[in-house]
Amino acid sequence: MALRATTRVTLGFILLALICLALGDFEISAHDPWRSVGQLLLGLVQPDFSGVDSLGQALLRTVAFAFVGVGLGAGAGMLLALCFHRWWVRTFSAFIRAIHELFWALIFLQSFGLHPVTGVLAIAIPYAGIFAKVYAEILDETDPLPLDVLPRRAGRLSKLVYARISQAWPHLVSYTAYRLECGLRSSAVLGFVGMPTIGYHLMAAFAQGHYSTVGALLLLFYLLIGTLRWWVRPRLLPVYLLVAPFLLGTGLPIMWSNVTRFFTEDIVPTPLKRGEGLPALWEWFAQLFMNQALPGILNTLLLTQVALVASGALALALFPVISRHFTHRASGAAGHVVLVIMRSTPEYMLAFILLQLWGPSMLPAVVALALHNGGIIAHLVGRRSNEIQLRQDAPHGIDRYAFEMLPRLYGPFLALVFYRWEIIMRETAILGILGIATLGFYVDSAIQEIRFDRAMVLILITALINIGVDVLARRLRGYLRLRHGVNRQQC
Amino acid sequence: MSDFALKDAEAHYGATRVLGPLSIRIAAGERVALIGKSGAGKSTLLSLMFDRWQAQNVALMPQALGLVDTLSVFHNVYMGRLDRHRWWRNLASLAKPWRRDIDEIKALLDEVGIGEKRWTPCGELSGGQRQRVAAARVLYQQSDLLLADEPVSALDGPQASHVMAKLTEGYPQAVLAMHDLELALAFCTRIVGLKDGAIVLDAPSETLSSAALQDLY
């Protein structure tokens, strides 16, 4: 029997993941890992909110950075979207969104230091690239007829606002609100590199072994994300946007000499700075590539493939918990809670926690990536399954899953997995900052050694392989003829 | 008021010619009804006219209407005059419309019978109501020539003639694609019959009866 294309691709991915699993280091190295897991769970059950002052401030800063960053990103993204027909705008947007917000933060930390502007730009820049692409798509989908019937001499801006943006408005708003949730996660994670958001306090609490404070922080974070739709109201948004810049805190003052030095000297490759000519530059680059970039790329790819398959498997196992074809009202609601918690925990935060508990290896990273991404894919596939109408005498249980559901959902499921491929890769690279030898590890080490020229080259390489995977995923979707509408849920 | 003319105009769909070559001139004060079977080329001719004449002052009411569903009835009508105001006034009008505009547009909407719907988003209206909004928009636009494709097709008897009366009152010079021959004869001064992309009839309406026009179908 000849295998269908989707089956062939699936088996190929699984085989590749198994090979990667054999090659990588996936061991638990902590000597008593389950005790720490128990301590953490205990912390979640008995959270300690006594440090209300600092907890409240952490929360406030997290929200403020998210609002200012996403707000600026949305504004810049809209401007870029309006010239998205130019190839250089598309390329520029693809480039800035291929660099993770934590990498942007690392870059700006070296120039602006611990000033709020670092955190704001770290969110605003990659988000502008994403907004540009999605806004342009949304505007493209509007009906062109209202534009045709407008008086011909109407001004460009009036035409744009009345005939295009007004039509696209509900979609623009819902997408921006969705990104705001992503922004809160990004903002929280920026704490891990020193911004005064939740991540920073989480790191500190872990370092001191205050598991009940960790529990309190995590619970507050879920509360923040879970209640988003009640406190983020379209009418309140202008107020939030106006107030947020004043709540960023002051940080440390910017040393402008540092900024200039960073961009004009520090990031210039050393051989060029010393005027040693092109052969020396090539030698420098080859060394960097062979000793750092290549192992970094290999580990990143290895971890990405394992995490991708693990996310997919988890999603297939979990989507029934929110599907009306498998659950009743109460169990469906419980399933929703589980998936919400899984997908609102940022991978980076999860990986950090698991790494503390289990010791360094690729295992915490894979589990973190699989939990977060598996949660998202399960949520989307489950929602899709609810649109399916079954005949009244359809089979139940595992037969229903295998014969009625999976055959109908497998195409959309694969499309979603491929959409997440690039995102998982971006995250995998960044998890290196935590000490797993992916590209982020080499970037972080180069920065520790104050070799910013190397760090920049490594960041550029990371961006390029992200773009490469994105192109590959698009090809695969084309080859398998997978079309799926939910391509915008990506963080 | 000015003259609008096409000379040896043609329209192609891929390699096949679907219209023309034909020549037609619309003199000042002339209201032309385009009639003919569906597929005869009425809509094609209208969009060709719009293409050629849009640099002059022309209002268009296409069959699909071109309303923005997410905007209110008021704003859809207001869009007819986006070219009369500066950009900042147009933007401000989205947030808070000027009293003067509201009064003027309300009066216009009352004339076509949907004044009380002025703050409803167009997406929530029925087909007939939408058609009246589009009619109000072109009336508000006050151009020299109206090009309309089946402007009252979704309206019933008395309402259809009422809206036709308003449209022809606002636009003494117009080209209207019509399928209702009685309305065409009652409100237009000249009838142009199309068949297979060519003009097969062109006569003043007072010389014609709807029975005579049946031959075209």
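Trainee: Which residues in H18(A) meet residues in H19(A)?
Mentor: In this predicted model, local features need pLDDT of at least 70 and side-chain atom pairs count only at pLDDT 80 or more, while totals for chains, interfaces and linings use all residues. Residues are numbered from 1 along each chain as its sequence is written, and chains are lettered from A and ligands numbered from 1 in the order in which they are written. Ala365(A), Leu369(A) and Asn373(A) are among those in H18(A) that meet residues in H19(A), including Met405(A), Leu409(A) and Pro412(A), where contact has C-beta atoms, placed from the backbone, within 7 Å.

Trainee: At what angle do the axes of H18 and H19 of chain A cross?
Mentor: The axes of H18 (residues 362-385) and H19 (residues 397-431) of chain A cross at roughly 150° and come within 9 Å. Axes are fitted to C-alpha atoms, for helices over the stretch in contact, with angles from 0 to 180 degrees between N-to-C directions, and helices (H or I, at least four residues) and strands (E, at least two) are DSSP runs numbered from the N terminus.

Trainee: Switching to chain B, what order do the six strands of the open sheet have?
Mentor: The order is S4-S5-S6-S3-S7-S8, with mixed pairing, and strands pair if DSSP finds at least two bridges between them.

Trainee: Why is one side of S4 and of S8 left without a neighbour in the sheet?
Mentor: S4 (58-61) and S8 (198-204) of chain B stand at the edges, each with a single partner strand, so one side of each has no neighbour in the sheet.

Trainee: And in which sense do S5 and S6 of chain B pair?
Mentor: S5 (residues 145-149) and S6 (residues 174-177) of chain B pair in the parallel sense over four bridges, and Val175(B) in S6(B) is the bridge partner of Leu147(B).

Notes
Contact = placed C-beta atoms within 7 Å.
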